[in-house]
Amino acid sequence: MSYYKQLIASENIPDGYERWSKYRRETTNFITDSIISDNNGGIVLGAGRCNDLDLGKLLLSFTHLLLVDRDVEAMAEAIVKYGLENDSRVKMLQCEFTMVEDEDYIEFEYMLSDKRPVEKVIEWFSQFGSQRDFSAIINGYMEELKIDFNTIICEGIHSQLIMRFVKIFDLYKVNYSESECIMIYDQICILSECMSKNMNEQICNVNGNENIFIGYEYSVFTDESICSAEEIMCMFVEGKAALVGKMGLARVEGAYQCEEDISDRFNSGDIGIVGWSYSVWPFSENKDYLMINYLLDTKK
């Protein structure tokens with residue numbers, strides 16, 4: 001089995017639903033407690049198996065839910081898990097958020113494992129200059145359903161847009177010199193910035209987006225980390241964000257670019273920040289993420 005196939009298999013966290021119960025409750029509560037308009041229809045981007053969001057509780061606050069993901073089987077599994085398979089208020093839409101296909105990841109792995117020249121690898125990345133206009137697909141589907149959706153939920157997705165590239169590169173970087181690794185990683189970062197910006201742009205372009213919830217990983221914490229996610233979360237809550245910024249914590253690729261883009265959009269007056277929350281995502285036995293969740297609006 002190729003590493004890429006193993007990578008896809010590893011993305012399904014078997015104990016995710018049980019392990020993430022507290023995080024799921026906190027994230028769902030932040031959304032349901034923060035909604036600022038009535039007659040809400042909610043769009044969940046990158047829904048997957050919904051181990052991080054309680055669909056049943058969301059439906060207490062939303063008239064309809066539209067789950068959007070590339071993996072239809074995962075969304076169907078989520079609907080069954082929450083006992084909603086006969087609930088007409090829940091719809092599914094298969095949709096890709098990037099222009100990268102499975103074949104591209106496989107080719108990237110082959111190039112690195114075959115030790116292709118770094119110049120060829122960098123040239124290969126140029127094909128991803130354009131980004132997917134997935135908001136048009138969602139808007140078209142909403143028109144077809146004749147249902148209004150005014151809330152968009154996007155939790156932990158920005159990092160996933162680039163994560164497969166990062167993990168494949170981490171495995172095969174031993175085939176390249178330090179300077180060559182920097183050159184390849186720079187291309188991954190450039191693509192990550194484009195993907196994250198486009199993700200936010202597409203979210204803003206979805207019709208009726210009165211409430212936008214975006215959650216992203218601020219940093220990752222393992223057994224080797226100098227501090228815990230809980231400690232950093234407390235610092236944020238206590239208003240010590242500037243001090244946290246000086247600690248040099250490792251940022252999460254994709255999520256960091258999402259944060260930068262949100263900051264740029266806020267500073268330019270394109271969006272408003274209505275609310276925020278912090279929580280710890282116990283992703284696996286030895287890995288936690290500190291999550292930052294924003295409620296944004298585009299109608300300041």
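Predicted model: local features only at pLDDT ≥ 70, side-chain atom pairs only at ≥ 80, totals over all residues.
At 54% relative accessibility, K115 counts as exposed, and its phi is near 55°, a positive value in a residue other than glycine.

**Residues with positive phi**

- K115 is placed in the loop between α6 (102-113) and α7 (118-125), and it is classed as exposed because its relative accessibility of 54% lies over the 50% cut-off.
- C50 is likewise not a glycine, yet it has a positive phi of about 55°, and its place is in the loop between β1 (41-45) and α4 (55-58).
- C50 has a relative accessibility of 1% and therefore counts as buried, the cut-off for that class being under 20%.

**The largest nonpolar core**

- The largest nonpolar core comprises 75 residues, and those that touch the most other members are L45, F108, I138 and F165.
- Helix α9, which spans residues 160-172, gives the most to this core, contributing 8 residues.
- Once residues up to four places away in sequence are left out of the count, F108 touches V121, W124, F125, F165, I168, F169 and I188.

**A separate core**

**General background**

- In soluble globular proteins, nonpolar side chains tend to be buried together.

Key. Residues numbered from 1 in each chain as written. Heavy atoms only, no water. Core = buried A, V, L, I, M, F, W, Y, C linked by side-chain atoms within 4.5 Å. Buried < 20%, exposed > 50% of the residue type's maximum accessible area, 1.4 Å probe, protein only. Helix = DSSP H or I, 4+ residues; strand = E, 2+ residues; numbered from the N terminus. Contact = heavy atoms within 4.5 Å.
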